[in-house]
Amino acid sequence: MGLPDIKTNLTDARLAAQPVPQSGAWLAAARDDALARLRAMGLPTKRDEYWKYTDPSTLTEAVAQSADVFDAADEAPLYDGIDRLKLVFVDGVFDVDASDDMAPEGVTIERLADAGAADIHWAKDLYGVLEAKGQSPVERPLAALNSATATDGVLIHVTGTPSKPISLIYRHADATSDATLHHVIKVDAGAEVTVLENGPAAARFNKCMEVDVADTGVFHHIRAQGRDHERRAVTHIFGRLGKESVFKSFTMTANGVLTRNEVVLELTGDDAQASVAGACMGDGAFHHDDTVFITHDAVNCESRQVFKKVLRNGAVGVFQGKILVQPDAQKTDGYQISQSLLLDDDSQFLAKPELEIYADDVACSHGSTSGAINEEALFYLRSRGVEKGTAEDLLVLSFLAEAIEEIESDDISEDILARLEAWLMRRRG
Amino acid sequence: MLEIKNLHVKLEDEDKQILKGVDLSLEAGKVHAIMGPNGSGKSTLSYVLSGKDGYEVTEGSAHLQGEDVLDMEPEERAAAGLFLAFQYPVEIPGVGNMTFLRTAVNAQRKARGEEELSAGDFLKVVREKAKTLKIDAEMLKRPVNVGFSGGEKKRNEILQMAMLEPKMCILDETDSGLDVDAMKLVSEGVNALRDAGRTFLVITHYQRLLDHIKPDVVHIMANGRIVKTGGPELALEVEQNGYADILAEEVA
Ligand SMILES: Nc1ncnc2c1ncn2[C@@H]1O[C@H](COP(=O)(O)OP(=O)(O)OP(=O)(O)O)[C@@H](O)[C@H]1O
Ligand SMILES: [Mg+2]
C-alpha cells in the first residue's frame, strides 16, 4: 500500500524546505517517530474527507505565502492590564530580551531549543506522544510535521499554582516568515495554570500544543489569534485529562485569510471537565475552521464545545466537531453548539457536528444553526434611539456572548470583549 | 404634537392595503385612545409611525412637532421624541436590560446634543423608576425581555418610556397580559408622565385601562380608517355594545 504520489511529492517538497532540526537524544527520537508518522500519512490535500471544507494547499506547500504585518496603531495590546509572565516569540523565534525571566514560583519553563539539546528530559513522555495518540481515528499530518520539524517552543511544567498567567506573545515582523512552534505543558496533580496566547506569529504559522493535566489539575487557556489579514495558521491542541481535572480553552479570531484550529481531547479520568470555545469574526477574505474531537473515556465527565462565528463580505466559517463516548464512559454529559451569524448572503457557514456514542447512560446534545441578524430585535433597539450600526454591534456581541462566557476569569473576558468591540468600531470607522 | 393626514399604507411585499386614509390630530398634553376590531390596523399605524420595515406609505403624511417623521430613520424618530410601547415586546438574548437602557438613553441624549449620563447617575435613576414599577434588580440584570412573563414585558416597556421621557408616547395594548395590580402600576407610571408637553396615544380593547388612564379623546378605527371620534363616553359605548352599531352607522 503506497501513498499517492501527489502526497509523497508534497511531503518531500515540504521537508526539503523545512528539514528536521538537529536535537539531543530524547528529542531526536521523538522527531524520528513523528517523521515516520508524517511519511506514512503524507500531507493532506483538499480531497481528504477531513479537509473537505478547508483547502490545506497553502498550509502544506513548500514556501509560505507572504503576509503583510497588521498595524495596530496606538491600540493597547491585548491583556495589557493583566499581570502576566511574558514570553515573546518573533516570527517563531524566542526573544530572550523581550521576555520575562522564566523562573516564577510553581512552574518551570524551558525553551524547546535548549531542553531539546539534552539527552533526557521529562517532556519525552509527552512531546509527540499526545500528538501520536491523536492521529487516530483521524489523521492529522500537519501536527506530525510540527512534531518533526518544530524549531522552538516552550516546555512548561506546572508543579504548583503560579501567581500569574503565562503569556505567550507571538509577534510577526517579517512578511515572509514561516514559523513552527511546539509547546508541551504538564500540569501536576492539584496544580493550576492559565496560559494566554496572542498575536499572529508569522505569515504562516504551524503550532502544536500538547497538554497533560494530571488528576485534579486545572488548565485554562485563552488565545487571540493575530489580526494580520493575510496570515495563515494551522494549530493543534492535544489534551489529556486526568481524574477531576479541568481543561478550558477559548479562542478569539478576527481576521486571517486562513485558520485551521484543531483541538483533540481525551478525558481519561473520572469526573473531568472540558470546555472548548471560540468566538470569531470574519470579514471578506477570511476562512476559519474549528475542528474538534473529544473522546470520553471515563465516567461522569463533562465536555462542552461552544463555537460562534460572525461572518460578512464573503467570509467562510467551518465547524467539524465530534463527541466520541466510549462504552465505559457512563454518565457522560456532552454539549456541543456551533452557530453562525451571517451578515450577508455572500458569507458561508459549513458545519459537521457529530456524536458517536457507545455508552448507554449519557446525556449528549448538539446543535448547529446559521442565521441572519434578527430584524425584529434590530428594529426594537432602533425604536429606542440606538443608531443602526450600534444596534447591529450589540446584537453581534450578544450572539458571541455564550462563547465568551466560557472564559473563567472576568478580567480576561472583559479584555476579550473590549477587543471585539474595538474590532466592530474599527470596521465602522 | 402629531398630525397624521390621509395616511395610506400597504404591505411592501404584498398588494395589501392596510391603512386607508387615517386622519388624526393629537394635541400636546392630551391623551387619545384608539379602539377598534382586531385586524383594523391599529398596530400597523403604530409601526409605520415608528419606522418599521415592511410597510409602504402610498399617500398621506405624519408630522411630529412639524417634522416629517415618515422621512426619518427609526432612531431619529426616537430622538425626536417618539416612543412605541410594543404590543409584543421583543426578546433580545445576550443583551442585558441595563446595558440596553443605558445605550438607548445615551444614544438619544447624544442625538439631541446633550451630555451622556454618567454610570452612577444612570443607575440611580433606573433603580428609582424600576422600583415604582415593581421591577426588581434581578430583572434589570437579565437579558432584555428574555424569560419575562407577559406582564413583566409590559412593565419593562413602561420603564423604558419613563427613562426616555418621550414627547409622543404610543402604547399598543399595554394592558394586555397585565393582572389587576400590574395594570394599576402601569397606569400610575403613565399618569406620572402626563404633562402639558407630552401626548399619549393609547391603543386598547378595553375600557378597564381607560378607567385608570383617562382619555381626552377616543377614536374608533375600523378597516384602516378612523370611523368615529368622540369623548370618553365612546369607549363605554364600545364596552357595552361592541362595534356593530358604530360600524353600521359608518356604512349607512
Ligand atoms: N407584515 C404583515 N404581513 C401580512 N399581513 C399583515 C402584516 N402586518 C399587518 N398585516 C395585516 O394587516 C391587518 C392589520 O393588522 P394590525 O396588526 O395593524 O391590526 P390591529 O388593529 O393591531 O389588530 P389587533 O387588535 O388584533 O392587535 C391585519 O389583517 C394583519 O393581518
Ligand atoms: Mg395590534
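A residue counts as buried when its relative accessible area is under 20%. Keep that cut-off in mind during this tour of a predicted model.

**Stop 1: Asn106(B)**

Select Asn106(B), which sits in helix α3 of chain B. Its relative accessibility is 8%, so Asn106(B) counts as buried. Leaving aside neighbours within four places in sequence, Asn106(B) is in contact with Glu116(B) and Leu117(B).

**Stop 2: where chain B meets chain A**

Show both chains. How many residues does each chain bring to the contact? Chain B brings 29 residues and chain A brings 16 residues. The size of an interface is often given as the accessible area lost when the parts come together. Here chain B and chain A bury about 1800 Å² between them, with 67% of it on carbon and sulfur atoms. On the chain B side, select Glu75(B), Phe86(B) and Val90(B): these lose the most area to chain A, together 27% of what that side buries.

Now turn to the pairs that cross the interface. The rule finds twelve residue pairs in polar contact there, both residues at pLDDT 80 or more. Several elements of chain B each supply at least two residues of the side that touches chain A, among them α1 (42-50), β6 (82-85) and α6 (150-164). Helix α3(B) gives the most to that side, with six residues. By type, the residues of the chain B side divide into 17 nonpolar, eight polar and four charged.

**Stop 3: salt bridges across the interface**

Side chains of opposite charge can pair when their charged atoms come close. Across the interface of chain B and chain A, the rule finds four salt bridges. Select Lys52(B) and Glu376(A): they form a salt bridge, and their closest N and O atoms are 3.4 Å apart.

Next, select Arg384(A) and Glu157(B), whose side chains meet in a salt bridge at 2.7 Å, N to O. This pair crosses between chains, from the loop between α7 (375-383) and α8 (388-404) of chain A, where Arg384(A) lies, to helix α6 of chain B, where Glu157(B) lies. Are these two residues buried or exposed? Arg384(A) is buried, and so is Glu157(B).

**Stop 4**

Select ligand 2, a magnesium ion. Ser43(B) is buried, with a relative accessible area of 18%. Gln87(B) also counts as buried, at 13% relative accessibility.

Stay on the helix that holds Ser43(B). Nine of the nine residues of α1(B) are buried, so this helix is largely enclosed by the rest of the structure. Lys42(B), Tyr47(B) and Leu49(B) are among those buried residues. After α1(B) comes Gly51(B), whose phi is positive, near 95°.

**Stop 4: salt bridges within chain A**

Over all chains, the count comes to 30 salt bridges by this rule. For one of them, select Lys352(A) and Glu49(A), with their closest N and O atoms 3.4 Å apart. Lys352(A) lies in strand β18 (residues 348-357) and Glu49(A) in the loop between α2 (25-41) and α3 of chain A, so the pair ties together parts that are 303 residues apart in sequence. Lys352(A) counts as partly exposed at 24% relative accessibility, and Glu49(A) does so at 48%.

Then select Lys322(A) and Glu356(A), which meet in a salt bridge at 2.4 Å, N to O. Lys322(A) is in strand β16 and Glu356(A) in strand β18 of chain A, 34 residues apart. Lys322(A) is buried, with a relative accessible area of 12%, whereas Glu356(A) is partly exposed, with 26%.

**Stop 5: Thr60(A)**

Select Thr60(A) in helix α3 (residues 57-60) of chain A. Thr60(A) is buried, with a relative accessible area of 2%. Its side chain reaches the backbone oxygen of Ser57(A) at 3.1 Å. Beyond its neighbours within four places in sequence, Thr60(A) is in contact with residues including Leu10(A), Leu142(A) and Arg204(A).

**Stop 6: backbone details in chain A**

Select Ser136(A) and Pro137(A), joined by a cis peptide bond with omega about 10°. Pro137(A) lies in the loop between α5 (129-133) and α6 (141-149) of chain A.

Finish at Glu244(A), where phi is near 55°, a positive value in a residue other than glycine. Glu244(A) lies in the loop between β10 (232-241) and β11 (246-254) of chain A.

Technical notes:
Residues numbered from 1 in each chain as written. Chains lettered and ligands numbered in written order. Predicted model: local features only at pLDDT ≥ 70, side-chain atom pairs only at ≥ 80, totals over all residues. Heavy atoms only, no water. Contact = heavy atoms within 4.5 Å. Buried area = accessible area lost by both parts, 1.4 Å probe. Polar contact = N/O pair within 3.5 Å; in protein donor to acceptor, adjacent residues only side chain to side chain. Helix = DSSP H or I, 4+ residues; strand = E, 2+ residues; numbered from the N terminus. Nonpolar A, V, L, I, M, F, W, Y, C, P; charged D, E, K, R; others polar. Donors = N, O, S within 2.8 Å, 3.2 Å for Na, K, Ca; no water. Buried < 20%, exposed > 50% of the residue type's maximum accessible area, 1.4 Å probe, protein only.
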